[in-house]
Structures are given as structure tokens and as C-alpha cells.
Amino acid sequence: MRVPLVVPTLFLLLAVTGCATKSNNATPPPSASAPAASPSPSPSPSPSPSPSPSPTESHTQPPASPKPPSPSPSPKPKTGPGGSYVLTGSKDVALTFDDGPNPEHTPHVLDLLRDNGIKATFCVIGKNAHNYPDLIRRIHADGHTLCNHSWRHDLELRKRGDSAIRDDLAATNNAIKEAVPGAKVSYFRAPGGHFDSDLVGIARSMGMTSLYWDVDTRDWDFAKYGRGQSMVNHIVSTVQNKTRNGSIVLAHDNLKPDTVTAFRYLLPWLKSRFTLVALPPGGLGRT
Ligand SMILES: [Zn+2]
């Protein structure tokens, strides 16, 4: 996981497409800052390295080691930047699809989820919600959870100042509510996962839980993983190796055909091992 210093520079050049939205019509591209060189929290499966139970301890001998089990090695408070959530808080696994809705790919993801009887969470961009209200309606009607992913995927949103941030998040929620009157949007994911505590606090004050992730498919990183089968293989192996009870899994439903292919394989695999849920209405509680 140690990245040589030259690599981030490469990312800057090659990976600007990252989590950044590519919407179909005239939108100023989100200011070109690198999409978080994914601080994806390594989900160490931490079964504590059991200090082998020394079987031959007789009562008569003074114990050789004065400090036996020691208070195990930090139970890791699992939070993301700014105190955002990386886990669901239960054994349930939550699949999240970001940057849509997209008329070309979102319907395929929805079909796959429906065919497998799986509910998920869609972190939608306000502008896309405004442009494709039918897809927002379908996401909702299919029983998935809607999440605010900002109006235009501004990777620097946290630097915009309180009122601009509120306006952005409110506009996005309004676009969702225009499509689904009465919808309650209880989740927010900062573009690129670029949360800080202020941004998390603002989202909380607007009734939204801030969502980070535990498993990052990096399905946008074509520079590193290529396209087609190599990207599909990368996504499948990442999800299969890293998903554990409670994981929040990050993928994208816009302009990522390889993601659709990968999840065609992954959904039955995941379903046979985990309980997959749409994040619960009303948020996760803490934030
Ligand atoms: Zn995104």
C-alpha cells in the first residue's frame, strides 16, 4: 500500500476522471483536483494474532510472562474522514452506486439488482437527478435508498463555505424531491469522499448521514486497471477479497460498463455470503 512518490503525480494527470462526473451536457468540469488517491481504509480482517496458548503451564511454576493477554491491539474506531461512516453498523453489507443517474448504465444496474432481489443505495448527482427524474423515480420505486452526492460533483465542496455548501446540498435534495415528492434524503456522500468535520456537520444539520466506504472498487481508475476484462477482474477480486460483514462498498453507475459486467458476477456471489441492504431510511444515527 506504500505508493512511490511519483505515482500520485501520475494520478493527477491520468485519473482526473475519477469519481468525477462526466455528464452528458454542458457542465463545467469539476475543478481538476485529483480524486482522492483513495484513502480506502484497509479493511484488515483483524483476527488478533492469537498468542499461542502455551499449553504447558504448571501451577507450581511462577508464570514466565508477567503480562499474559494484554488489552488487544486497538479495536479500531472505524470512521472515515470527518467522522463519516465506513461501515453499516451491523452485519449487513451496503452496496452504493455513485455519480448517476445515467440513462445508459443505471437501468442495467437496476435490472441486475432486481433480478437478484437485492436493494442498494444510489448516491446521485443533483444535476443528473434533475435531468433524469424518471430514473430517480425508478430507483425509489425499486426500493433502493437515495443519497445526495452534491449538485455537480464538486470535489472541493468542503472549501466553498457554509452557505454555498448548504445551497448545493439543498438543490440536490430538491431535484430528488421534484422527481419523488416527499422523498426523504438521509445520506450524503462528498464527491471523492472529500469529507471534513465541517462538511459532515453541515450534512448532519440537514438530516443526512455522511457515507464514506469500506471497500473501494476504484472502478474509475482506467489508467491503473485498464478497461474491459482487466477492469472487470479488478473489480471482482477487490470486492471478493475485501468485503466483510458491515462493509459499505463503493462503485459507480455512470459510464462504467465494466462495473455492470463485474456486478453481474458479483451479485450472486455476494448474496450467497452476506445480507445486502439498502441503507435504512432515516440515516445511520451517529452522523
Ligand atoms: Zn462520485
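Predicted model: local features only at pLDDT ≥ 70, side-chain atom pairs only at ≥ 80, totals over all residues.
## Helix H2 against helix H9

In it, the axes of H2 (residues 106–116) and H9 (residues 257–271) cross at roughly 20°. H2 and H9 are therefore roughly parallel to each other. Their axes come within 10 Å. The crossing of H2 past H9 is right-handed.

Which residues in H2 and H9 meet? H2 supplies His-108, Val-109, Leu-112 and Asn-116. H9 supplies Val-260, Phe-263, Arg-264, Leu-267, Pro-268 and Lys-271. By class, the residues of this contact are six nonpolar, two polar and two charged.

Is strand E1 (residues 94–98) largely enclosed or open? Five of its five residues are buried, so E1 is largely enclosed by the rest of the structure. The cut-off for buried is 20 or more other C-beta atoms within 10 Å.

In a regular strand the side chains alternate between the two faces of the sheet. Both faces of E1 are covered. Ala-94, Thr-96 and Asp-98 are buried on one side. Leu-95 and Phe-97 are buried on the other.

E1 pairs with strand E7 (residues 248–252) in the parallel sense, over five bridges. Within that pairing, Leu-95 has Val-249 in E7 as its bridge partner. E1 also runs parallel to strand E2 (residues 121–124), joined to it by three bridges. Here Phe-97 stands opposite Phe-122 in E2.

## The loop between E1 and H2

Two backbone features fall in this stretch. Asp-99 is found in the loop between E1 and H2. Its phi is near 85°, a positive value in a residue other than glycine. Asp-99 has 29 other C-beta atoms within 10 Å, so it is buried.

Pro-101 lies in the loop between E1 and H2. What kind of peptide bond joins Gly-100 and Pro-101? The bond is cis, with omega about 0°.

## The loop between E3 and H5

His-153 is found in the loop between strand E3 (145–148) and helix H5 (162–179). Although His-153 is not a glycine, its phi is positive, at about 60°.

Is His-153 buried or exposed? With 27 other C-beta atoms within 10 Å, His-153 is buried.

Key. Residues numbered from 1 in each chain as written. Axes fitted to C-alpha atoms, helices over the stretch in contact; angles between N-to-C directions. Helix = DSSP H or I, 4+ residues; strand = E, 2+ residues; numbered from the N terminus. Parallel < 35°, antiparallel > 145°, perpendicular 65-115°, else oblique. Left-handed = near helix turned anticlockwise from the far one by under 90°. Contact = placed C-beta atoms within 7 Å. Nonpolar A, V, L, I, M, F, W, Y, C, P; charged D, E, K, R; others polar. Buried ≥ 20, exposed ≤ 12 C-beta atoms within 10 Å, placed from the backbone. Pairing = 2+ DSSP bridges.
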